[in-house]
Amino acid sequence: MAKRALVLGGGGVAGIAWTTGVLAALADGGVDVTTADRIVGTSAGAAVGAQITSGVPLPELLARQTDPALQTPELPSGVDMDELWAAFQTIYESTPDPAEQRRRLGELALGASTVSEARRRAVIEARLPEHRWPERDLMIVAVDARTGEPRLFTPGSGVELVDAVAASCAVPGVWPCVRIDGVPYTDGGVRSITNADLATGFERVLVLAPMPDLGEPSWAGLGGAVEVIEPDEASLAAFGADPLAPEVRTPSAQAGYAQGRAATDRVAALWA
């Protein structure tokens, strides 16, 4: 049985920055969790998973979040976040069936007016310092927008890394679905914001969850030792009202770094 899994959840550009800050701080404290036997990435976590397995050192990845001169281009969402969350909540309350919830969120994604897929893909390309899959157990989650069925992209899936990450980051109602072999995919967070259940069977699991799972946390049924880091008050304040806004990256990364330093001892005990 593999020993350690790192689960990276969704949370917009704020989530990418915050998660990077946490990981960099842990490494600076002597706990490099990017060496995990499996990395599960969802939405923002998919981007971070691809970044931390790219060969680029964590200090450089952190600088790409904190230093405006090094930040890659991002698009403003152009969406009222309160209205978007309300639309999501309406769908979740309309049926108790998770499969039907996913299908209805897929309908929302397919019907949304968004920027072009090519323009959005350019953003993802710029986010990733390496466009080839790493020789690692990296699992990226997306959802078929037509059927609501989850899809797990891995190095052996025959799908380009940029496309896999773009699909996982395709927030319904905000960004365009990503077509892969003719199939439109939407955000992996439609299945679960963290998808921590994909780390089932691992002895030690660290979950970084910029946003909470809806309903029962996906890590609830995991065996073994589990640690979960979620944003504290300072981090939530850094995220602001719109975690997709490009300008939240610097404060979110700094807040994540502070949380990572505070969590180093308990993560070290987990990872030992």
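How are helices α1 and α9 oriented relative to each other? The legends below begin with that pair. This is a predicted model in which local features need pLDDT of at least 70 and side-chain atom pairs count only at pLDDT 80 or more, while totals for chains, interfaces and linings use all residues. Residues are numbered from 1 along each chain as its sequence is written, and side-chain values use heavy atoms, leaving out hydrogens and water.

**View 1. Helices α1 and α9 are oblique to each other.** Helix α1 (residues 12–28) packs against α9 at an angle of about 40°, with the axes 6 Å apart. The crossing is right-handed. Look for Val13, Ala14 and Trp18 among the α1 residues in the contact, and for Arg249, Tyr257 and Val267 among those of α9; contact means heavy atoms within 4.5 Å. The residues of this contact divide into 13 nonpolar, 6 polar and 3 charged. Here Ala, Val, Leu, Ile, Met, Phe, Trp, Tyr, Cys and Pro count as nonpolar, Asp, Glu, Lys and Arg as charged, and the others, Gly among them, as polar.

**View 2. Valine 248 sits in the loop between α8 (233–239) and α9 (249–271).** At 9% relative accessibility, valine 248 is buried, a term for under 20% relative accessible area with a 1.4 Å probe, protein chains only. Not counting residues up to four places away in sequence, valine 248 touches Val13, Ala14, Ala238, Phe239, Asp242 and Pro243. Valine 13 lies 235 residues apart from valine 248 along the chain, yet their C-alpha atoms are separated by 7.5 Å.

**View 3. Helix α2 (residues 44–52) packs against helix α7 (residues 161–168).** Their angle is about 150° and their axes are 7 Å apart, which means that α2 is roughly antiparallel to α7. Ala46, Ala47 and Ala50 of α2 meet Leu161, Val165 and Ser168 of α7. That contact comprises 5 nonpolar residues, 1 polar and no charged.

**View 4. Strands β3 (residues 138–144) and β4 (residues 150–153) pair in the antiparallel sense.** The pairing runs over 4 bridges, where strands pair if DSSP finds at least two bridges between them. Alanine 142 has arginine 151 in β4 as its bridge partner. The two strands form a hairpin with 5 residues between them, and glycine 148 in the turn has a positive phi of about 80°.

Methods: Buried < 20%, exposed > 50% of the residue type's maximum accessible area, 1.4 Å probe, protein only. Axes fitted to C-alpha atoms, helices over the stretch in contact; angles between N-to-C directions. Parallel < 35°, antiparallel > 145°, perpendicular 65-115°, else oblique. Left-handed = near helix turned anticlockwise from the far one by under 90°.
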